[in-house]
Amino acid sequence: MPYSLRTHGVLLRRLIEHLDGAVEQLYVHAGLDYRPRYTPVVRALLNDGPATLRGLSTRTGVTHSAISQTVAQMAARGWVALEPGTDARERIVALTPFALERLPLLERCWAATDVASRSLDEDIGQPLAEVLVAALDALQRKPLADRLTAALSATPSNAGSDR
C-alpha cells in the first residue's frame, strides 16, 4: 500500500499556502507592502494600544519568536515603531502614522477577506474557523505528543515489518 501524501501537515501547509497566498495578492493589488502575518499584530495594537513583544505574543497567541520576527519585518516596512521599555531588554511596539494612514485600505481588504471566507465556509458546509478551533482545543486537552505515545504503545513492535 503506498504511503499517503494527504497527511495533516501536508494538507495544513497547502491550506495556508492557498489562504495566505490569495490574501497577500489582495494586498499587492491594493498597493500595500503588507503580509497576512502582520494582521494579528495590527489588530492587537488597534484594540489595546502599544505593547511589549511579550504582551503581543500573549494577546495574539503567536509565539514570542514569531512575534519578534514579524515585528522586525513590520518595522523595516514602516508599519510599527519600536521604543525602549522600562528596562533595557524591553521594547514597546506601536503603530506608525504610516500604518494609521493605510488603515482604511487595510479594513477594506479585511472586509473582502471576511466575505471570501464566508463563501468558503458555505462551500465546505461548515465554518473553517470552528473546525480549526475545535482541533486546537482538542490538542490543548490532549496534545498530539500524548496521542502519539499512546498510539505507538498500542502498535505491535512487528507492525509494518513486511514493508
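Trainee: What makes up the nonpolar patch on the surface?
Mentor: Four leucines form the patch: Leu136, Leu139, Leu144 and Leu148. Together they have about 390 Å² of accessible area. Two elements give two or more residues to the patch, α6 (128–141) and α7 (144–154). Keep in mind that this is a predicted model.

Trainee: How do you know whether leucine 148 counts as buried or exposed?
Mentor: Leucine 148 lies in helix α7. Its relative accessibility is 52%. Exposed means over 50%. Leucine 148 is therefore exposed.

Trainee: And arginine 108? Is it buried or exposed, and how do you know?
Mentor: Arginine 108 belongs to helix α5 (residues 97–124). The relative accessible area of arginine 108 is 63%. The cut-off for exposed is over 50%, so arginine 108 is exposed.

Trainee: How far apart are the C-alpha atoms of arginine 108 and alanine 30?
Mentor: They are separated by 9.5 Å. Along the chain, the two residues are 78 residues apart.

Trainee: Now the sheet. In what order do the three strands stand?
Mentor: The order is β1-β3-β2. The sheet is open, and its pairing is antiparallel.

Trainee: Why is one side of β1 and of β2 left without a neighbour in the sheet?
Mentor: β1 (51–52) and β2 (80–84) stand at the edges. Each has a single partner strand, so one side of each has no neighbour in the sheet.

Trainee: How do you know that β2 and β3 pair?
Mentor: Count the bridges. Pairing needs at least two bridges. β2 and β3 (residues 91–95) have five, in the antiparallel sense. The two strands therefore pair.

Trainee: Which residues of β3 face proline 84 and valine 80?
Mentor: The bridge partner of proline 84 is arginine 91. Valine 80 stands opposite leucine 95.

Trainee: What joins β2 to β3?
Mentor: A hairpin, through six residues.

Trainee: Which helix lies across β1, β2 and β3?
Mentor: That is α2 (residues 39–48). It runs at about 90° to β3.

Trainee: How many salt bridges does the structure hold?
Mentor: Six. One of them links the side chains of arginine 35 and aspartate 33.

Trainee: Why is the contact between arginine 35 and aspartate 33 called a salt bridge?
Mentor: The N to O distance is 3.3 Å. The cut-off is within 4 Å, so the pair qualifies.

Trainee: Why is arginine 35 called partly exposed?
Mentor: Its relative accessible area is 22%. Buried means under 20%, and exposed means over 50%. Arginine 35 falls in between, so it is partly exposed. Aspartate 33, at 40%, is partly exposed by this rule too.

Trainee: What about arginine 89 and aspartate 87: how do you know they form a salt bridge?
Mentor: The closest N and O atoms are 3.7 Å apart. That is within 4 Å, so the bridge counts. Arginine 89 is exposed at 76%, whereas aspartate 87 is partly exposed at 31%.

Trainee: What makes arginine 102 and glutamate 101 a salt bridge?
Mentor: Their closest N and O atoms are 3.4 Å apart. Again the limit is within 4 Å, so the pair meets it. Arginine 102 is partly exposed at 26%. Glutamate 101 counts as exposed at 60%.

Note on methods: Residues numbered from 1 in each chain as written. Predicted model: local features only at pLDDT ≥ 70, side-chain atom pairs only at ≥ 80, totals over all residues. Heavy atoms only, no water. Helix = DSSP H or I, 4+ residues; strand = E, 2+ residues; numbered from the N terminus. Contact = heavy atoms within 4.5 Å. Axes fitted to C-alpha atoms, helices over the stretch in contact; angles between N-to-C directions. Buried < 20%, exposed > 50% of the residue type's maximum accessible area, 1.4 Å probe, protein only. Patch = residues over 30% accessible without salt bridge, like charges linked within 9 Å, V, L, I, M, F, W, Y side chains within 5 Å. Areas by Shrake-Rupley, 256 points an atom, 1.4 Å probe, with all protein chains shown as cover.
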